[in-house]
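This report describes selected features of one protein model. Please keep the sequence and the 3D view open while reading.

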Amino acid sequence: MIFLLKLLKVPPCIMFYGARLGNLAAAISLAYAGYNILPQGYRKIYAVLYFAPGICFLRSTSSTDGILYSIVLLFIAIAISLKAEHKSVWKGKVICTLLILACCIGLIKLPYLLIMGLLLLLDRKQFALKGKETFILKLIYVTGMLMAGCILYYISHSILDNNADVASSLYASSTEISGSYIIYVLHHPFRVLNMFFQTFFADFYSYYSSAIALPKSDCLIIPYLSLCAFVVFKIGADQIFNCRERILLIGLGAAMWMIVIVAFYFVGAAPDLGYVWGLQGRYMYPAFPVVLFGAASPKKKYDIAKESFEIISCGSIIMVHVLEIFGLYWI
């Protein structure tokens with residue numbers, strides 16, 4: 001959008017808002033595509049995840065986090081759809097779409113490429129595979145997509161790091177991991193592991209709450225948590241994942257969050273800093289949908305009138321927050 005507006009030689013103010021509108025339109029389009037692909041029984045969870053207030057704010061900025069979240073949601077929707085409808089992944093359109101999404105995720109935030117692990121939950125018939133080698137061949141397929149995303153990330157960031165217009169002398173190359181970190185980890189493995197798990201568990205709520213609401217809107221945290229719990233555990237979802245697969249999904253979400261913590265440690269100030277520097281609640285978002293879809297209970301019968309009232313009552317608070325975001329950051 002910025003490139004197009006530059007060609008049109010519009011004033012900077014129009015370019016500023018045009019970039020935000022372009023980001024918002026792209027994120028909405030991707031998310032809408034995912035909503036249509038997803039089986040009916042998962043759409044309420046998808047909608048609650050999509051309209052999380054903090055991510056609404058990020059979509060209305062020029063940040064890549066809003067569009068990254070939409071890409072992750074779309075990838076999850078495709079994976080669930082493939083599993084529910086027993087469609088083959090070897091179709092040209094499916095493979096190309098998944099590969100493009102993998103490359104986009106790798107280009108924006110490399111750790112979230114772990115989302116490819118969702119494909120390991122697909123049935124072997126969907127891979128047209130037979131025999132005991134099924135898992136190994138599926139793993140090779142997923143690894144190939146991971147490598148494609150990593151290669152694109154390396155190439156793109158190498159170009160950016162060598163570009164005088166965007167490179168900064170204050171920070172190390174984004175494709176560079178200092179040997180001093182590796183040496184420090186090898187010499188103090190238990191201290192580093194303790195730091196990672198402290199960040200993962202002890203600071204989880206503070207990161208999560210800062211992801212949901214702006215500092216002045218902490219009152220939104222409990223209503224949104226209640227809405228998530230209501231939709232996931234009371235309304236539930238079509239049960240296409242068995243118990244083992246649900247545990248793996250929750251584990252995959254946790255692994256993504258842990259890898260983000262590790263990644264931020266390696267780009268921090270010093271290896272012996274003693275805490276993870278630069279981590280923010282918004283980085284939790286792409287891992288959150290995997291956990292919620294895994295935690296969703298089997299779909300139950302429910303009172304539509306009661307369900308609508310509870311969702312609207314919680315949703316109205318969220319809508320007030322969304323309007324506040326536009327008022328504070330757009331006007």
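## Basis

This is a predicted model, in which local features need pLDDT of at least 70 and side-chain atom pairs count only at pLDDT 80 or more, while totals for chains, interfaces and linings use all residues. Residues are numbered from 1 along each chain as its sequence is written, and side-chain values use heavy atoms, with hydrogens and water left out.

## Helix 5 and helix 6

Two packed helices are described by the angle between their axes and the distance between the axes. Helix 5 (residues 65-85) and helix 6 (residues 92-108) have axes that come within 10 Å and cross at roughly 150°. Helices here are DSSP runs (H or I, at least four residues), numbered from the N terminus. Axes are lines fitted to C-alpha atoms over the stretch in contact, with angles from 0 to 180 degrees between N-to-C directions. The two helices, helix 5 and helix 6, are therefore roughly antiparallel (an angle over 145 degrees).

Helix 5 contributes Ile67, Leu68, Ile71, Val72, Leu74, Phe75, Ile78 and Leu82 to the contact, and helix 6 contributes Val94, Thr97, Leu98, Leu101, Cys104, Ile105 and Ile108. Contact means heavy atoms within 4.5 Å. By class, the contact of helix 5 with helix 6 has 14 nonpolar residues, one polar and no charged.

## Helix 3 and helix 13

The axes of helix 3 (residues 43-50) and helix 13 (residues 288-295) come within 11 Å and cross at roughly 150°. That makes helix 3 roughly antiparallel to helix 13. Ile45, Tyr46 and Leu49 of helix 3 meet Phe288, Pro289, Leu292 and Phe293 of helix 13. This contact has seven nonpolar residues, with no polar and no charged ones.

## Lys83

Leaving aside neighbours within four places in sequence, the contacts of Lys83 include Leu121, Asp123, Gln126 and Phe241.

## Two loop residues

Most residues other than glycine have a negative phi. Lys9 has a positive phi of about 55° and lies in the loop between helix 1 (2-8) and helix 2 (12-37). At 75% relative accessibility, Lys9 counts as exposed (over 50%).

His86 also has a positive phi of about 55°. His86 sits in the loop between helix 5 and helix 6, and at 56% relative accessibility it counts as exposed.

Key. Angles under 35 degrees count as roughly parallel, over 145 as roughly antiparallel, 65 to 115 as roughly perpendicular and the rest as oblique. Ala, Val, Leu, Ile, Met, Phe, Trp, Tyr, Cys and Pro count as nonpolar, Asp, Glu, Lys and Arg as charged, and the others, Gly among them, as polar. Buried means under 20% relative accessible area, exposed over 50%, partly exposed in between (1.4 Å probe, protein chains only).
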